[in-house]
Amino acid sequence: MFPSDAMCVPEGIRFAAARVKAEKLDKLLIAGCAAILHEGYCERISRAAGIPASGIDAVALPARASSAEAARIIRRAHAALELMPRFEIRRVPLSQEVLVVGDGQAGAQTAREIAALGYRTTLIEKDAPAACAAARDMEVLSPATLASLDGRPGAYTARLRTGREGEGQETECVFGAVVIAEGVPGADTRAAPFSPGRVIALSDLEGCFERQPRRDWPRLVAIVLDFCIDEGRASTQAAVHSALAVRERFRRQVTVLLRDARVAARGLEALYDQAREAGVTFVKHAGSPRIRSSREGVVISCRDTVLGEDVEISCGLAAVSVDGLLARADSCLAAAAGIEVDGYGRLQQNNVHLLPELSNRQGVFVIGACRGEAYQPEVLRDARDAAFSVHTLLSQKILKVELSHAVVDGDRCALCLTCVRVCPFKAMRIDEKEKKADCIAESCRRCGICVGECPAKAITLPAYTDAIMMARAGMAERPTIGAVGKR
Amino acid sequence: MKTSVRTGQITTLLCENSAWKAYVEIGLDPALQGIDVQKIPCSGRVEAGLLLALLERGSAGVLVVGCPKDNCTYLQGSYRAEKRVAVARAALREAGLDENLVRLEFLSSLDSFRLRDAVLDFKRYLDDHSSS
Amino acid sequence: MITAVRKPFAEIAGMLAGREKVLLLGCGTCTTVCMAGGEKEVGILASTLRLASRKEGRTVRIDEATIERQCDREFYETVRGRVAEADVVLSMACGVGVQFCGEVFPDTVVFPALNTKFYGATVAQGVWAERCSGCGSCVIADFGGVCPVTRCSKSLLNGPCGGSQNGKCEVDPQSIDCGWQLIYDRMKTLGQLEKLEAVTPLKDWSTGRFGGPGKIVKEDALP
């Protein structure tokens, strides 16, 4: 026990480091004010003292604590720190090969940038021929799909299926990182209310006017967004452009129905204002408008969220944005790549920590329409972001991993597959030889979700065992009186 | 006569990505002196058995604080924590105890004052409902 | 695997009334996988029982242990001493394990903490569904791999009844698929529909439970 003046200042840190070295300590507990709880403090001491950060703990003592109170707090932290193991550091090589899935705008762009950064890039495209088949700075395989993706960041084993369905062959390759730019499958138009000449796809709107003689042009045109699902900025831009065109070129009344105008991009808000000034009417509906077409025309019923009333709009022609229809979810790629999807079947869960290009697996990135971003400028930015993220990961060539990941006790493991299914990061796999679940240290995020789920209590997170947590709470571990595993 | 629950008896488990960061900003607040806090990697680390064991072994109440559900740093942790805490609360009900001895709150790393209020509210509840 | 669910707590507490030393014995195989009686559930139930008895002012000692399986004698060796020390064993195995424990320790009272349900598969994480009735003479080869005994609420062997509507069973249209719809759809996919034209005769039910308690003796495995 060493008393000291302020521990939160550089002098205090030097003092601690000096004591560690002089006494050849391998663990250190620091008690001080709450300032020492700040992020990075233990790491600073670790660097100065030359002992792992996992062997250092900092506890805050209340300002006017009695010595009994202070002793209690210190005793608890000490008991927990005694139980803390020492973690080895593993150095793993990172493959400098990168896989890009999909050669649409996003995929081709990101592949070019990644190749330009010096990585051996392979681009696969499921429809043949690939647009950049002739590219020289990367290997292009088409038609080719991803059948499975196992392994860890820096060493993902991808099984690729090349050739036409039924006749192709499978190859296995190792990649350091993967970028998925698959695009979206066509929308399920079976749910669309299309009816020729009356209810059409938004993309056909201007062509429709050009094809018809002037006398057949409808007086009022409706454009419908967010028909089943919420659309993005790309759809708002397309709708406002078309609305302005119909208004200004063909001089017809236009009403745009949408759940929300998504204008959060440079120039989009101005475009929206321009449309309003040109006389385009915008109606905000509450979702799922009903469209009925007949010989007399089209009637759209919806709830106007601004007026708070149900309204009916009669028009001669309605144009529905196809992106607002629910796309046939193609879960094959998601399942193959181990990526979780959101409620619309898109390849990125609804979690702000993943934006813009992360997936639930480190080293696997998702960009463009397949993650729900169809707005042009953002698609290109996605491609660039992914290239930089790949570079950030792989340029270090060696990954240093502290071996504090989840550990599975083979005696208790019942191979129930719960941890494999429940790990958000696909860090759990089944070791067929050892007949138990096994945690991939490089993929593990040390969150402890598997620990709580395991029905056999076979998994521990070494820095956060039940014993350590109970010790921190001032209690001995609940004695399961020799809870026998299967030893 | 009701005696105040000793603040050291309240166990607070704070997710290191949200609640712990919020706590660090207000750790010097006199109102929180003596509250026993510990850092956990994710609210998803907690498990019903552990929560019940803490109560068995002398904790007056367990407060678990994690990230907002669709904002969990580890994606699923807050959802799992919600289910596990529900199991613990059901067990307390079955045992004839007050299910509110285990509480789960969600807040972000900026919500220092919400954290303080949550902790003090929990302490107040335990004070009002303690039986000895 | 065999699936089970925990009995309501009140029922378990009632069984243990008056007992002071309980060994709560979990099982590391089926009931671990279906999350009813593994080590984690043992811990939760033990804590709940201790908290309940403390609330009532009683002291009860709940000893916890989990062994690999409760349907094989050898696995009980590690807990022999603890069984002897207890007033009662509360088993979190399926009904097989509960009974077998009593056979291994004939002087010990063994209570079931679980209600054993069915032979089932994990259809999704946390969801198990019945697939086999253990009838003793498996005929699913004739039905495209779908068991009419188990999947049809009435165990019909020659086609659906009139209660089959929109692929659902009239017993509970919300949650039960019509087994015969499943059989038909599967056999259509496999191109085996013409097999259904054959009439399936009366089944010999005596090969299963209806023939009395079953027993298998594998001659070549006997010492």
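How many residues lie between β7(A) and β8(A) in their hairpin? Two, and Gly154(A) in the turn has a positive phi of about 95°. Strands here are DSSP runs of E, at least two residues long; helices are runs of H or I of at least four, and both are numbered from the N terminus.

This is a predicted model, in which local features need pLDDT of at least 70, side-chain atom pairs count only at pLDDT 80 or more, and totals for chains, interfaces and linings use all residues. Residues are numbered from 1 along each chain as its sequence is written, while chains are lettered from A and ligands numbered from 1 in the order in which they are written.

**Stop 1: the strands of chain A**

Select residues 144-152 and 155-162 of chain A. These are β7(A) and β8(A), antiparallel and joined by eight bridges. Two strands pair if DSSP finds at least two bridges between them. Find Arg152(A): Ala155(A) in β8(A) stands opposite.

**Stop 2: helix α4 of chain A**

Move to residues 105-116 of chain A. The expected span of a helix is 1.5 Å times one less than its number of residues. The twelve residues of α4(A) should therefore span 16 Å, and the end C-alpha atoms are 17 Å apart, which agrees. Ten of the twelve are buried, meaning that 20 or more other C-beta atoms lie within 10 Å of the residue's own, with C-beta atoms placed from the backbone (12 or fewer is exposed, in between partly exposed). Among the buried residues are Gln105(A), Thr110(A), Glu113(A) and Ile114(A). To see what covers them, show β4 (97-101), β5 (120-124), β10 (177-180) and α9 (376-394) of chain A, which are included in the cover. Just after the helix, Gly118(A) takes a positive phi of about 100°.

**Stop 3: the domains of chain A**

Colour chain A by domain: domain 1 (10-86), domain 2 (97-185 + 329-398), domain 3 (207-312) and domain 4 (404-472). These bounds come from an automatic or database domain assignment. The C-alpha centres of domain 3 and domain 4 of chain A lie 52 Å apart.

**Stop 4: chain B and its side towards chain A**

Select chain B. Four helices and four strands make up its secondary structure, in the order β-α-β-α-β-α-β-α. Of its 132 residues, 58% count as buried. The C-alpha trace spans about 40 × 35 × 20 Å along its principal axes.

Now show the contact with chain A: 33 residues from chain B and 32 residues from chain A. Two residues are in contact if their C-beta atoms, placed from the backbone, lie within 7 Å. On the chain B side, β2 (36-40), α2 (48-56) and α3 (77-94) each supply at least two residues. The largest share, four residues, comes from α2(B).

**Stop 5: chain C**

Select residues 39-55 of chain C, helix α3(C). Its 17 residues should span 24 Å, and the end C-alpha atoms are 24 Å apart, which agrees. Of those 17 residues, 15 are buried. Gly57(C) follows, with a positive phi near 80°. Finish where chain C meets chain A: 16 residues of chain A are in contact with 19 residues of chain C.
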